[in-house]
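This report describes one protein chain from its computed geometry.

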Amino acid sequence: YSRCGYRIESVEKGRLGWDLNAIGHGEILRLEVKGVSGSDVVAELTPNEFAKMQMQQHRDTYRVCIVADALSKAPELCVFRYSVPREMWENETTGTVLNIERIEAARVRSER
């Protein structure tokens, strides 16, 4: 996004539900960034990230950015945005659909 003329602002500490604001071209994009070591374009979102991604007021400006092969010499950035006509999240470049699987999780801990 920097190369496309956006100014990048880190907002992770604010726990807004996304990591970066990309400011430029008359808009503010909300970027949630996930890096994975493998080649599969798959990531888990926190409940807050998922909630913000689904909010109607953020859909037009929220982007899910997954960096596959993040630790390699040739990482692949896949950016997904909400398509209003298709009513789904799709890759900005390829049109590939982002499948969303809702999961339930728990944290377990042993008392010592």
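The model is predicted, so to speak of local features a pLDDT of at least 70 is needed and side-chain atom pairs count only at pLDDT 80 or more, while totals for chains, interfaces and linings use all residues. Residues are numbered from 1 along each chain as its sequence is written, and side-chain values use heavy atoms, with hydrogens and water left out.

**Overall make-up**

The protein has two helices and six strands; helices (H or I, at least four residues) and strands (E, at least two) are DSSP runs, numbered from the N terminus. Read from the N terminus, the order of elements is β-β-β-α-α-β-β-β. The C-alpha trace spans about 55 × 35 × 30 Å along its principal axes. Of the 112 residues, 31% count as buried. Buried means under 20% relative accessible area, exposed over 50%, and partly exposed in between, with a 1.4 Å probe and protein chains only. The accessible surface comes to about 8200 Å², and carbon and sulfur atoms hold 48% of that; the areas come from the Shrake-Rupley method with a 1.4 Å probe, and for residues only the protein chains shown count as cover. Among contacts (heavy atoms within 4.5 Å) between residues at least 6 apart in sequence, 37% join residues at least 24 apart.

**Strand pairing**

Two strands pair if DSSP finds at least two bridges between them. Strand β3 (residues 27-35) runs parallel to β4, with six bridges joining the two. In this pair, glutamate 32 stands opposite valine 64 of β4. On β4 there are also five bridges to β5, in the antiparallel sense, and here cysteine 65 has valine 79 of β5 as its bridge partner. Six of the seven residues of β4 are buried, so this strand is largely enclosed by the rest of the structure.

Strand β5 (residues 76-83) pairs in turn with β6 (residues 88-91), antiparallel and over four bridges. Tyrosine 82 faces tryptophan 89 of β6. The hairpin of β5 and β6 has four residues between the strands, and glutamate 87 in this hairpin takes a positive phi near 55 degrees.

**Loop residues with positive phi**

Arginine 15 has a positive phi near 50 degrees and is not a glycine. This residue is in the loop between β1 (7-10) and β2 (20-24), and at 71% relative accessibility arginine 15 counts as exposed. Histidine 25, likewise not a glycine, has a positive phi of about 55 degrees. Its place is the loop between β2 and β3, and histidine 25 counts as exposed because its relative accessibility is 58%.

Histidine 58 belongs to helix α2 (residues 56-59). With 9% relative accessibility, histidine 58 counts as buried. Leaving out residues up to four places away in sequence, histidine 58 touches Trp18, Arg30 and Lys52.

Isoleucine 100 lies in the segment after β6 and, at 42% relative accessibility, counts as partly exposed. Apart from neighbours within four places in sequence, isoleucine 100 is in contact with Phe50, Met53, Gln54 and Trp89. Isoleucine 100 and arginine 112 are twelve residues apart in sequence, and their C-alpha atoms are 38 Å apart.

**Pockets**

A pocket is an open set of points on a 1 Å grid over the protein atoms alone, where a 1.4 Å probe fits, with protein on both sides within 12 Å along at least five of seven lines; lining residues have an atom within 4 Å of a point. Grid points are joined across faces, edges and corners, and a volume is the space filled by probe spheres set on the points.

| Pocket | Volume |
|---|---|
| Largest pocket | about 740 Å³ |
| Second largest pocket | about 170 Å³ |

The largest pocket is lined by 26 residues, of which Ala43, Glu44, Leu45, Ile100 and Glu101 are the closest to its centre. At least two lining residues come from each of α1 (47-54), β4 (62-68) and β5, and α1 gives the largest share, three residues. By type, the lining of the largest pocket has 16 nonpolar, five polar and five charged residues. Here Ala, Val, Leu, Ile, Met, Phe, Trp, Tyr, Cys and Pro count as nonpolar, Asp, Glu, Lys and Arg as charged, and the others, Gly among them, as polar.

Tyr1, Ser2, Arg3, Cys4 and Leu77 line the second largest pocket. That lining divides into three nonpolar residues, one polar and one charged.
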